[in-house]
Amino acid sequence: MSKTSAKRAPGGSGRRPRGSLSRSQIVSAALELARKEGLAAVSMPRLARELGCGAMSLYGHVQSKEHLLELLAGAVLEDFPLERTGDTHWREALADFSATLRRRMLEHDALTELLITRRMWSAGLAQVFEWLLGRMTAGGWPLREAVRAYHAVQTYTLGFVLYEIDRTPPRCQEEHRAWWRHTVADLPPESFPLLHAAVEFVPEGAQDEQFNWGLDRLLDGLETELAHLADRAGAAEQRRTGVTPSGPPP
């Protein structure tokens, strides 16, 4: 969403011309304010000042602050930059979705909590979800289990980003390492030998390598679950027909 500057009325009144305000302008201004000063700075009176209008003018386009927060969450997830093709393997599709969601959240780090506590939904995300379910069911997942697998990847991603958001900047990473070194130094080595041995790499939890490692392990588990589902379905079909199935779907 592009930034929209407030249109001021002629004569230096500081107010917008009547009818010049739109919902998209309100959401854009709120996103910019959250980016610069944090989500706590977003209020209806503050937005009214930023846009050069009365606070009541905002309510002609958004129902309440809660409605505005839902619109903000949807705006972050709109135009979701995920390449979608018809032959993508389900595992690759989920991995790409997770990585893209993480990048988008880190780009809008002030709104990370908002995306977790509000409905994570937009028209663009609906298309992504439909595509993901299509790739998963084409890969052999029953629809109910495909939704469960999607939720597992989604919640892993949201949780990881919430954990890493204040540890990602280089300054924060070094402070986190220093805190660990200082804290472990106060522990007697004879009682905590493993913590002393691991003190240099324990703080690496909020980095790309850890994110990718955890996501790969999660996807490994989902592949194992899909194989079990295929085995159970094949066994049930054999009991029903007495015919040995040809094998699981590719």
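**Salt bridges**

Analyst: Glu-225 is partly exposed, at a relative accessible area of 30%; buried means under 20%, exposed over 50%, and partly exposed is in between (1.4 Å probe, protein chains only). Before going on: this is a predicted model, where local features need pLDDT of at least 70, side-chain atom pairs count only at pLDDT 80 or more, and totals for chains, interfaces and linings use all residues. Residues are numbered from 1 along each chain as its sequence is written, and side-chain values use heavy atoms, with hydrogens and water left out.

User: Which side chain does Glu-225 meet in a salt bridge?

Analyst: Arg-232, at 3.4 Å from N to O. A salt bridge here is a side-chain nitrogen of Lys or Arg within 4 Å of a carboxyl oxygen of Asp or Glu. Arg-232 is partly exposed too, at 47%.

User: How many salt bridges are there in the whole structure?

Analyst: The search finds 15.

User: What about Glu-223, which partner does it have in helix 5?

Analyst: Arg-91, with N to O at 3.0 Å. Glu-223 lies in helix 11 (residues 208-241) and Arg-91 in helix 5 (residues 90-107), so the pair ties together parts 132 residues apart in sequence. Helices are DSSP runs (H or I, at least four residues), numbered from the N terminus. Arg-91 is buried at 17%, while Glu-223 is partly exposed at 35%.

User: Which residues are linked with those two in a network?

Analyst: Asp-216, Arg-217 and Asp-220 are linked with Arg-91 and Glu-223 in a network of salt bridges.

User: Switching to helix 1: where do Arg-35 and Glu-32 sit in it?

Analyst: They're 3 residues apart in helix 1 (residues 23-37), about one turn.

User: Is Arg-35 buried or exposed?

Analyst: Exposed, at 55%, whereas Glu-32 counts as buried at 16%.

Terms used
Helices (H or I, at least four residues) and strands (E, at least two) are DSSP runs, numbered from the N terminus.
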